[in-house]
Amino acid sequence: MNLSEEQTQKIREHFKGLKTKSELLELLNYVKSVIYKSGAQPFILPQLNFYCNPNKHAERYIVFNIKKKSGGDRVIHAPNKGLMKIQECLKVIFECVVEVSSHAKGFVKGRSIVDNAKEHVGHKFVFNIDLKDFFPSIDQARIWKILQVPPFRLNEQSGRRILANIIAGLCCERMEVERLNEIGKWTKVVTSVLPQGAPTSPILSNIICSNLDYKLSCMAKRFEVNYTRYADDITFSCDKDIFSKNSGSFLKELKRNIKEERFRINSQKMRVQKSEYRQEVTGLVVNEFVNVPKRYLKQLRMWLYYWESYGYERMSYYFMPLYIKDKGYLVNGEIPDFESIIRGKLNYVRMVKGKDDSAYKKLLERFSKLTSQHELIDSILTIWENKGLEKTMEQFYS
């Protein structure tokens, strides 16, 4: 969502002066009118009251699993339509009020996986770690607390702490999670946390991680390494071998800092990548420059070849089950058309390699030729169905 400077400033000033639930509702409705334009129905107070208590309303979210590429399931909590629109408005407000750490590259306007990968190009060692159960590891109590300090200041002194309660309730959900108990063992408990699937969770996780980013960036500077974080994906790089278990001090300090910030390293996703082999950061190759993996381009060329050789319908019928299996889930349960899938993959190549890259231009040329033929065939079949064979032949020869 691209806001004008005037709109951004208006949201900041309005938020700064908030005192009551009614004033919060007014701000949410202003943001909603900006997002959805004039056709947006305003939120009402009973709606806000209904959604702000995660303890009472289990129907606020639709829960489903998607397959992880690494194996196992990822639990998604997708907010229902009413709550999602409130959260989308809150997300815009958070983005106007908060300036996220420069080391955070994920879910920040103007930053991408390409920016994340660029920081680690051309180094002898690239070290990746992953934070386990990232969003659900952030409790509602932490959200409530962060809302009481600058830049939010929704606290007792300002007379606005009730707003911290409401916003934290709107952004969190009760679910079963793992927590460390008094004797140092991980046990399952039910508590309110950031749900994976809510529009507000990414920006709130970046705010919560500001202290972690500060600690890890200071540590990186001291060890003379580069540091970035893309959501739960943390990367370091340098030309010295300080990441192996034998080195000791770097890993020891890293683990301590992450534990102090109440996160947990996923030991199965900790890896050191050396320059003699392919080095990847958030799915992009960084050995010499930022690039898409060869397997990605190979798959794209294969799909275009089959489209060219066997036609759209046959190619789509054959490859769609493979795509769904690889993806693990479908957005809203809807099967996308194969043309849109390939277009999206081409846009990804363009984002990474640039519009003037020769490989991208060749793929785009083949795709453009295929889509123009596909549109022509669709047009002819439509005429045949509606106007008969004679008109179809006229159109075909014209």
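Two strands are taken to pair if DSSP finds at least two bridges between them. In this predicted model, strand S3 (residues 125-130) and strand S7 (residues 233-238) meet that criterion with six bridges, in the antiparallel sense. Within this pairing, Asn128 has Thr235 of S7 as its bridge partner.

S3 and S7 belong to an open sheet of four strands. The strand order is S6-S7-S3-S8, and the pairing is antiparallel. Strand S6 (226-230) and strand S8 (271-274) stand at the edges. Each edge strand has a single partner strand, so one side of each is left without a neighbour in the sheet. From one strand to the next, the twist averages 20°.

Two helices accompany this sheet. Helix H9 (residues 210-223) lies across S6 and S7. The direction of H9 runs at about 155° to S6. Helix H10 (residues 249-260) packs on the sheet and touches S3 and S7. The direction of H10 makes about 30° with that of S3.

The chain as a whole has 15 helices and 10 strands. Of its 398 residues, 44% are buried. Contacts between residues at least 6 apart in sequence were also examined: 63% of them join residues at least 24 apart. The accessible surface of the chain comes to about 22,400 Å². Carbon and sulfur atoms account for 51% of that surface.

The largest nonpolar core holds 74 residues. Phe236, Phe250 and Leu254 touch the most other members of this core. Helix H4 (residues 81-97) gives the core its largest share, nine residues. A separate core of 30 residues lies apart from it, and includes Val126, Val281, Leu297 and Phe367.

The contacts of Phe250 were listed without residues up to four places away in sequence. On that basis, Phe250 touches Phe127, Met219, Phe223, Val225, Phe236, Ile242 and Phe243.

H4 also packs against helix H2 (residues 21-36). The angle between H2 and H4 is about 95°, and their axes are 9 Å apart. Angles of 65 to 115 degrees count as roughly perpendicular, and H2 is therefore roughly perpendicular to H4. On the H2 side, the contact is made by Leu27, Leu28, Val31, Lys32, Ile35 and Tyr36. H4 contributes Lys85, Ile86, Glu88, Cys89, Leu90, Val92 and Ile93 to the contact.

Methods:
Residues numbered from 1 in each chain as written. Predicted model: local features only at pLDDT ≥ 70, side-chain atom pairs only at ≥ 80, totals over all residues. Heavy atoms only, no water. Buried < 20%, exposed > 50% of the residue type's maximum accessible area, 1.4 Å probe, protein only. Contact = heavy atoms within 4.5 Å. Areas by Shrake-Rupley, 256 points an atom, 1.4 Å probe, with all protein chains shown as cover. Core = buried A, V, L, I, M, F, W, Y, C linked by side-chain atoms within 4.5 Å. Axes fitted to C-alpha atoms, helices over the stretch in contact; angles between N-to-C directions. Parallel < 35°, antiparallel > 145°, perpendicular 65-115°, else oblique.
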